[in-house]
Amino acid sequence: MGRKNNVMCEYLARPDVFADFLNAGYFGGEKKILSEELTDWGQVTYDKSEGTKNGERSRDVVKACCKGTSYAIIGIENQQLVHYAMPVRCMEYDVREYRRQLRILKKRNLKEGNKRSSSEEFLSGIRKEDKLNPVVTIVFYHGTKKYDGCKKLHDMLDLEGENKIFSPYVADYKMNLITLDDIKEEVCETGLRDLIGFLKCREDKNAIQEYCQRNAERIQYMDEDTFDTISEMINNKDLLKNKEKYREQERGTINMCKAMEDWAED
């Protein structure tokens with residue numbers, strides 16, 4: 001993983017930003033997910049049946065969203081470049097988590113001596129009423145080019161010609177993709193708003209200046225995590241180098257407005 005990916009992962013791992021991303025990307029800004037409902041989940045999955053070293057596979061950001069007695073596993077995979085095999089990669093992440101849950105259920109049933117009343121339950125290792133917790137994998141593409149990769153498994157398969165007869169019987173898998181264009185930054189409630197705003201105009205210095213002027217009242221009091229993430233993602237090392245110059249000691253924030261004014265003058 002590159003430094004940009006690491007920085008973005010660390011930022012999205014903040015519960016408030018994670019919830020803000022989901023609410024802005026999927027629910028139009030409605031507070032469907034609350035930060036206090038989120039707990040950290042293991043980023044590394046293990047499956048010794050895989051050919052990888054020790055069966056390990058690392059993910060970018062994963063959290064459990066707990067609502068009442070139920071919970072769902074939500075993972076975000078950051079992509080700055082288009083990944084043409086992403087539907088299969090996401091499907092693998094989901095399957096590995098479901099297999100992990102199945103192993104836990106089987107061990108629990110065996111340990112607790114839960115009666116399996118039928119041959120089918122004995123064969124499965126789980127009871128008919130046992131349920132798995134849902135898994136959602138989201139690809140966050142924040143690259144500069146239009147995403148032109150496949151968004152579902154069927155688009156990756158050769159289902160034309162003689163193979164077309166099998167199309168109705170081949171299971172499909174839809175990839176959950178969120179791009180910068182899918183997020184209206186004005187509905188965000190955290191520093192994610194300005195991160196998205198800067199990323200959208202990072203290729204145009206004039207557009208960056210205009211964004212700063214429009215949002216000067218807010219970005220003059222930017223939190224440090226957002227300042228650091230934006231500086232890295234727009235490739236502006238000078239912002240990080242001169243950060244202390246723009247620190248507002250009383251508020252503990254960074255004056256991004258002044259920093260960008262100085263950058264524009266330089």
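Author: Gladly! This is a predicted model.

Reader: Where does Asn255 sit in the chain?

Author: Asn255 lies in the loop between β9 (253-254) and α10.

Reader: Which residues does Asn255 touch, leaving aside those up to four places away in sequence?

Author: Asn255 touches Ile219, Gln220, Tyr246 and Glu248. Within its own stretch of chain, the Asn255 side chain also reaches the backbone nitrogen of Cys257 at 3.2 Å.

Reader: Now for the helices. How are α5 and α6 oriented relative to each other?

Author: Look at the angle between the axes. Helix α5 (residues 192-200) and α6 cross at roughly 150 degrees, their axes coming within 9 Å. Angles over 145 degrees count as roughly antiparallel, and therefore α5 and α6 are described that way.

Reader: Which residues of α5 and α6 meet?

Author: From α5 come Arg193, Asp194, Gly197 and Phe198, and they meet Ile208, Tyr211 and Cys212 of α6. By class, this contact has four nonpolar, one polar and two charged residues.

Reader: And how does α6 pack with α10?

Author: Helix α6 (residues 205-214) and helix α10 (residues 256-265) pack at an angle of about 145 degrees, and their axes are 10 Å apart. The crossing is left-handed. On the α6 side, Lys205, Ile208, Gln209 and Cys212 make the contact, while α10 contributes Met260, Trp263 and Ala264. Sorted by class, the α6 contact with α10 has five nonpolar, one polar and one charged residues.

How values were computed. Residues numbered from 1 in each chain as written. Predicted model: local features only at pLDDT ≥ 70, side-chain atom pairs only at ≥ 80, totals over all residues. Heavy atoms only, no water. Axes fitted to C-alpha atoms, helices over the stretch in contact; angles between N-to-C directions. Helix = DSSP H or I, 4+ residues; strand = E, 2+ residues; numbered from the N terminus. Left-handed = near helix turned anticlockwise from the far one by under 90°. Contact = heavy atoms within 4.5 Å. Nonpolar A, V, L, I, M, F, W, Y, C, P; charged D, E, K, R; others polar. Parallel < 35°, antiparallel > 145°, perpendicular 65-115°, else oblique. Polar contact = N/O pair within 3.5 Å; in protein donor to acceptor, adjacent residues only side chain to side chain.
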